[in-house]
Amino acid sequence: MRALKIAACAAVSLLVVTLLLVAYLFLTAQVEIVSVTSTGASLESDPETFESLRSAVEQETFQGTLFNRPSEWGSAGDYALITYTVRLRNGCLVPIDMIEAQVVPQSQDILQIGDFQVRSLEAKTEGDITASILTAKNSHAIREVIVTYYVWGVSFSVRTTYGG
């Protein structure tokens with residue numbers, strides 16, 4: 001009888017330690033945005049990219065996020081492609097299963113190109129994720145970027161404003 005009491009106490013203690021460890025892992029799931037940079041390029045020098053994006057939107061085969069559909073597109077020189085690169089630091093003790101970045105659009109933004117590659121980040125490492133938007137040529141690069149990541153299937157998000 002005494003052995004059963006000791007075994008029960010040991011099992012309960014092991015359960016409590018396990019629950020505390022899981023709670024610690026979730027509470028310390030800190031993913032930080034280390035830096036954000038952007039590069040912009042006028043599509044005047046790359047009309048093929050502009051034409052492929054325009055035709056995909058018009059034929060409703062575009063893969064990504066469509067913010068605004070222009071009534072008249074104009075020429076490639078009227079648009080720019082801005083790519084945001086977000087450097088993340090995974091402070092978790094477990095890897096991040098999936099990471100995605102979404103740019104909060106301004107009124108002159110047309111679309112965000114879809115990124116269908118599954119990105120992950122190992123424990124205690126840094127990595128980059130990018131997001132590209134098509135916008136009007138005279139647009140500024142100040143945008144809010146939302147990074148969503150998943151740890152053990154649970155969604156978390158971090159927001160930052162670039163250039164503001």
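Two strands are taken to pair if DSSP finds at least two bridges between them. Helices (H or I, at least four residues) and strands (E, at least two) are themselves DSSP runs, numbered from the N terminus. The structure is a predicted model, in which local features need pLDDT of at least 70 and side-chain atom pairs count only at pLDDT 80 or more, while totals for chains, interfaces and linings use all residues. Residues are numbered from 1 along each chain as its sequence is written, and side-chain values use heavy atoms, with hydrogens and water left out.

The account begins with an open sheet. Four strands form this sheet in the order S6-S4-S8-S9, with antiparallel pairing. Its edge strands are S6 and S9, each of which pairs on one side only. Neighbouring strands of the sheet are turned by 35° against each other on average, direction ignored; the axes are lines fitted to C-alpha atoms, for helices over the stretch in contact, and angles run from 0 to 180 degrees between N-to-C directions.

Within this sheet, strand S4 (residues 96-104) is joined to S8 by 7 bridges in the antiparallel sense. Ala101 stands opposite Val147 in S8, and Val103 has Val145 in S8 as its bridge partner. S8 also pairs with S9, again in the antiparallel sense, over 9 bridges. S8 is mostly covered, with 7 of its 9 residues buried; buried means under 20% relative accessible area, exposed means over 50%, and partly exposed lies in between (1.4 Å probe, protein chains only).

S8 and S9 form a hairpin with 2 residues between them. Trp152 lies in the loop between strand S8 (143-151) and strand S9 (154-162). Although Trp152 is not a glycine, its phi is positive, at about 55°. Trp152 counts as partly exposed because its relative accessibility is 44%. A positive phi of about 55° is also found at Lys124, which is not a glycine. Lys124 belongs to the loop between strand S6 (119-121) and strand S7 (126-136), and its relative accessible area of 55% makes Lys124 exposed.

Ile110 is located in strand S5 (residues 109-113) and is buried, with a relative accessible area of 8%. Apart from residues up to four places away in sequence, Ile110 touches Thr65, Leu66, Phe67, Asn68, Pro70, Trp73, Tyr79, Leu134 and Thr135, where contact means heavy atoms within 4.5 Å. Ile110 and Leu134 are 24 residues apart in sequence, and their C-alpha atoms are 5.5 Å apart in space. Val36 is placed in strand S1 (residues 31-42) and counts as buried at 17% relative accessibility. When neighbours within four places in sequence are left aside, Val36 is in contact with Thr85, Val86, Thr160 and Tyr162. The C-alpha atoms of Val36 and Leu111, which are 75 residues apart along the chain, are separated by 20 Å.

Charged side chains were examined next. Side chains of opposite charge can pair when their charged atoms come close. A search of the whole structure finds 9 salt bridges, each being a side-chain nitrogen of Lys or Arg within 4 Å of a carboxyl oxygen of Asp or Glu. One of them joins Glu32 and Arg89 (3.7 Å, N to O). Glu32 lies in strand S1 and Arg89 in strand S3 (residues 79-90), so this pair ties together parts that are 57 residues apart in sequence. Arg89 also meets Glu126 in a salt bridge (2.9 Å, N to O). Because Glu126 lies in strand S7, this second pair ties together parts that are 37 residues apart in sequence. Glu32 is partly exposed at 41% relative accessibility, as are Arg89 at 33% and Glu126 at 36%. Glu32, Arg87, Arg89, Glu126 and Asp128 are linked in a network of salt bridges.

A further salt bridge, between Glu58 and Arg54, has an N to O distance of 2.8 Å. These two residues, Glu58 and Arg54, are separated by about one helical turn because they are 4 residues apart in helix H2 (residues 47-58).
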